[in-house]
Amino acid sequence: MTLALMAILGGFVLLIWSADRFVEGAAATAKHLGMPSLLIGMVVVGFGTSAPEMVVSAMASFDGNPDLALGNAIGSNIVNIGLILGITALISPISVHSNIVRKELPLLTLIGGLVGFILWDGALTRFESFLLLAGFIGLVSWTIFVALRTRGDNLETETDELLIAQAMPIKKALFWLVMGLVALIISSRILVWGAVTVAHALGVSDLIIGLTIVAFGTSLPELAASIIAVRRGEHDIAIGNVVGSNMFNLLAVIGIAGVINPMSSFPADIISRDWAAMMLMTVGLLVMTFGLREATQLNRLKGGILLISFVIYNAWLLVTVMS
């Protein structure tokens, strides 16, 4: 038990470090290859911070723990909106200027609804998982199309500033890209082993561990990225990072986990409790930041509401486990 707890702690530390190195290396490499800044911000930074969720869920599925993989994906989305955006907005209100971010939020809501429809029958087949991956490919294609046709968006300006601050030679960028990915795989293996061992020792399901400890740990890179971004005044990166990460979790993370290890059945609570809570928070975020043309703001009051929602969900989760 002690060794498993140390594995979880050590796995988290290495996971956070490797995810940061991986995203920085990937962004710098993309810049050297001539990729537009807006595309880097939307794809590399937005989706790259979800690399921990993807690798951890893939490892969990390989190890025969698909409930942990599914719990990690949905739980991470709840953490991203309720905890990360809640805390970030309390530290500094987040102004949303980017038209692209405002278009992505309704899309995230639709994707969440699609995932709920697929999971409604209590199973996730390999065919359904491939459909999710096809949706992810379509999302990336749409992202590239929008990025290449858009000029002057606020997210592009903020990404340029970020790339300048993290500039590095191409050899160094490639080194951190590869090293970050290798360390991600190693840390994910350590973390999954520790989490499953603790769950079995405490008599708690893999799903609950995935929704809580693992989801929180794999979302730490998003927390760090959002706080740093908002302190630099890069508000659209802060919220765009979370929105992009959540779409990645629903389509790519769940899709990859289901392709590796299809789920013939999983607890009904995933839909009635966890997916429902995720959708309520997603729709709430959409309402809070809705604005067709003018900039909107996720102020401290709205951040407090998101954070309280996260606390209520976890209290609900605790009551369910206790009963």
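In the predicted model, a nonpolar patch on the surface is formed by Val 178, Val 182, Ile 186 and Ile 190, which together expose about 320 Å² of accessible area. Val 182, one of these residues, is placed in helix α8, which covers residues 170-202. Its relative accessibility is 41%, so Val 182 counts as partly exposed; the limits for that class are 20% and 50%. An α-helix has 3.6 residues a turn, so residues three or four places apart point the same way. Helix α8 itself has 33 residues and reaches 47 Å from its first C-alpha to its last, close to the 48 Å expected at 1.5 Å a residue. Just after α8, a positive phi of about 75° is found at Gly 203.

Helix α1 (residues 2-32) has 31 residues, and the span from its first C-alpha to its last is 45 Å, close to the 45 Å expected at 1.5 Å a residue. Gly 34 follows α1 and has a positive phi, near 90°.

As a whole, the protein chain contains 13 helices and two strands. The chain has 323 residues, of which 58% count as buried. Its accessible surface comes to about 13300 Å², and carbon and sulfur atoms account for 72% of that area. Among contacts with a separation of 6 or more, 88% are between residues 24 or more positions apart.

The structure holds two salt bridges. In one of them, the side chains of Arg 273 and Asp 269 meet at 3.4 Å, N to O. Both residues lie in helix α12 (residues 269-288), where Arg 273 and Asp 269 are four residues apart, about one turn of the helix. The side chain of Arg 273 also meets that of Asp 274 in a salt bridge, with an N to O distance of 2.7 Å.

The side chain of Asn 249 is joined to that of Asn 77 by a polar contact of 2.8 Å. With neighbours within four places in sequence left aside, Asn 249 is in contact with Ser 50, Glu 53, Ala 73, Ser 76, Asn 77, Asn 80 and Ile 254.

Ile 118 is placed in helix α5 (residues 99-119). Its relative accessibility is 9%, so Ile 118 counts as buried. When residues up to four places away in sequence are not counted, Ile 118 touches Ala 123, Leu 124, Glu 128 and Leu 132. For one of these residues, Glu 128, the C-alpha to C-alpha distance to Ile 118 is 7.0 Å, with the two residues 10 apart in sequence.

Phe 290 is located in the loop between α12 and β2 (296-298), and is exposed because its relative accessible area is 55%, the class being set at over 50%. Between the C-alpha atoms of Phe 290 and Leu 105 the separation is 8.8 Å, although the two residues are 185 residues apart along the chain. Leu 301 is in helix α13 (residues 300-322); with a relative accessibility of 63%, Leu 301 therefore counts as exposed. The C-alpha atom of Leu 301 is separated by 9.2 Å from that of Gly 86, a residue 215 residues away along the chain.

Terms used. Residues numbered from 1 in each chain as written. Predicted model: local features only at pLDDT ≥ 70, side-chain atom pairs only at ≥ 80, totals over all residues. Heavy atoms only, no water. Polar contact = N/O pair within 3.5 Å; in protein donor to acceptor, adjacent residues only side chain to side chain. Contact = heavy atoms within 4.5 Å. Patch = residues over 30% accessible without salt bridge, like charges linked within 9 Å, V, L, I, M, F, W, Y side chains within 5 Å. Areas by Shrake-Rupley, 256 points an atom, 1.4 Å probe, with all protein chains shown as cover. Salt bridge = Lys/Arg side-chain N within 4 Å of Asp/Glu carboxyl O. Buried < 20%, exposed > 50% of the residue type's maximum accessible area, 1.4 Å probe, protein only. Expected span 1.5 Å × (residues − 1).
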